[in-house]
Amino acid sequence: MNMAADTHRDDLASKTGMWLFLFTEMLLFGGLFVVYTVYRYRNPEAFHLAAKELSVFIGTLNTIILLTSSATIAMSITAIQKNNKKLALVLAGITILLGLAFLVNKYFEWGEHIREQIYPGSSVLALRGQGDVLFYGLYFFMTGLHALHIIIGLVFIGIVTGKITRNKITFDNYVLLENSGLYWHLVDMIWIFLFPLFYLIT
Amino acid sequence: MDFSVPAVLPYHIKSRAKMDNEKTHIIPYKTILYVLALLITLTLTSVAVTQIYLGTLTVAIALVIACIKSSFVLRIFMHLKFENKIYILAVVAVVLVLCFVIILTLLDYLYR
């Protein structure tokens with residue numbers, strides 16, 4: 001192999017690969033939305049009452065936090081494209097802080113439910129009937145899987161931020177930052193659907 | 001057929017990648033902030049609308065607003081508007097597959 005092969009990079013292929021991965025993520029959550037739709041159709045009354053118990057305020061707050069974090073990571077890409085390393089770092093840092101704030105809210109939200117003995121496998125929840133068991137089972141599983149994605153996204157952006165610091169990501173080589181942004185936006189988009197389905201539609 | 005191609009390929013792709021980098025579209029900060037403002041407004045709208053009792057219409061409105069929001073995230077934040085059209089085609093295909101599965105599943109449950 002010659003030297004050109006070692007230094008070769010293909011941003012278009014990296015981005016396409018990321019998109020293909022995102023499609024599998026969409027289908028993963030899409031499958032869960034199908035499960036939600038069917039269970040809701042079969043237990044309309046229980047889902048209606050259970051959804052009323054979720055805090056619309058925390059849900060709305062977390063939605064705004066995630067939307068803002070999506071904007072900051074998008075602006076971070078703009079900053080690196082304009083060769084403004086400092087601003088790119090600050091914006092990526094804000095994104096990480098907002099992601100952490102989302103998780104903290106989630107912690108208090110889940111903590112409240114668990115204190116009321118509402119969690120998958122709880123005997124108190126079982127007494128409330130099959131519909132509630134299904135609603136909260138889906139609620140904990142889907143928001144939990146989403147929170148796991150947030151954690152992965154935070155690690156991803158954290159690594160990318162380190163690379164910006166060490167000049168491994170620069171104004172003419174930033175596809176990794178773009179890919180971490182794509183992942184973060186997807187996680188944001190999944191929340192855009194989770195929020196109305198669990199918090200708003202009662 | 002032509003064995004000289006693999007040796008040439010890396011240079012060829014490299015120069016093309018460079019060309020792609022040169023014509024990169026940069027989204028202005030302002031655009032991103034406008035979209036953010038719009039997304040937050042839509043979120044608050046969907047919260048307000050669902051607090052009023054509109055029956056089954058509530059579900060439809062909340063989901064339509066969610067779809068509008070994600071289309072902005074996809075087109076601006078995820079840069080689809082400025083990418084090769086093949087990406088949009090692929091996203092649409094995935095969404096259609098999902099819709100197809102949901103419709104098929106519902107047909108099964110509604111008419112069994």
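I began with B:His79, which counts as buried because its relative accessibility is 11% (buried is under 20% relative accessible area, exposed over 50%, partly exposed in between, with a 1.4 Å probe and protein chains only). The model is predicted: local features need pLDDT of at least 70, side-chain atom pairs count only at pLDDT 80 or more, and totals for chains, interfaces and linings use all residues. Residues are numbered from 1 along each chain as its sequence is written, chains are lettered from A and ligands numbered from 1 in the order in which they are written, and side-chain values use heavy atoms, with hydrogens and water left out.

**Positive phi**

I placed B:His79 in the loop between helix 3 and helix 4 of chain B (helices are DSSP runs of H or I, at least four residues, numbered from the N terminus). Its phi is near 70 degrees, a positive value in a residue other than glycine. Most residues other than glycine have a negative phi. I then looked up A:Asn167, another non-glycine residue with a positive phi, about 60 degrees. A:Asn167 lies in the loop between helix 7 and helix 8 of chain A, and it counts as partly exposed because its relative accessibility is 48%.

**A:Thr143**

I found A:Thr143 in helix 7 of chain A, residues 130-165. With 1% relative accessibility, A:Thr143 is buried. Its side chain makes a polar contact with the side chain of A:Trp110 at 3.4 Å (a pair of N or O atoms within 3.5 Å; within protein, one must be able to donate a hydrogen and the other to accept it, and residues adjacent in sequence count only if both atoms are side-chain atoms).

**Chain B**

I recorded 4 helices and 0 strands in chain B. Of its 112 residues, 29% count as buried.

**Largest pocket**

Which residues lie nearest the centre of the largest pocket? I noted A:Phe193, A:Leu197, B:Val59, B:Leu63 and B:Cys67, from a lining of 47 residues (on a 1 Å grid over the protein atoms alone, a pocket is an open set of points where a 1.4 Å probe fits, with protein on both sides within 12 Å along at least five of seven lines; lining residues have an atom within 4 Å of a point). Among the elements that give two or more residues to this lining are helix 8 (175-200) of chain A and helix 3 (57-77) of chain B. Helix 4 of chain B gives the most, with 9 residues.
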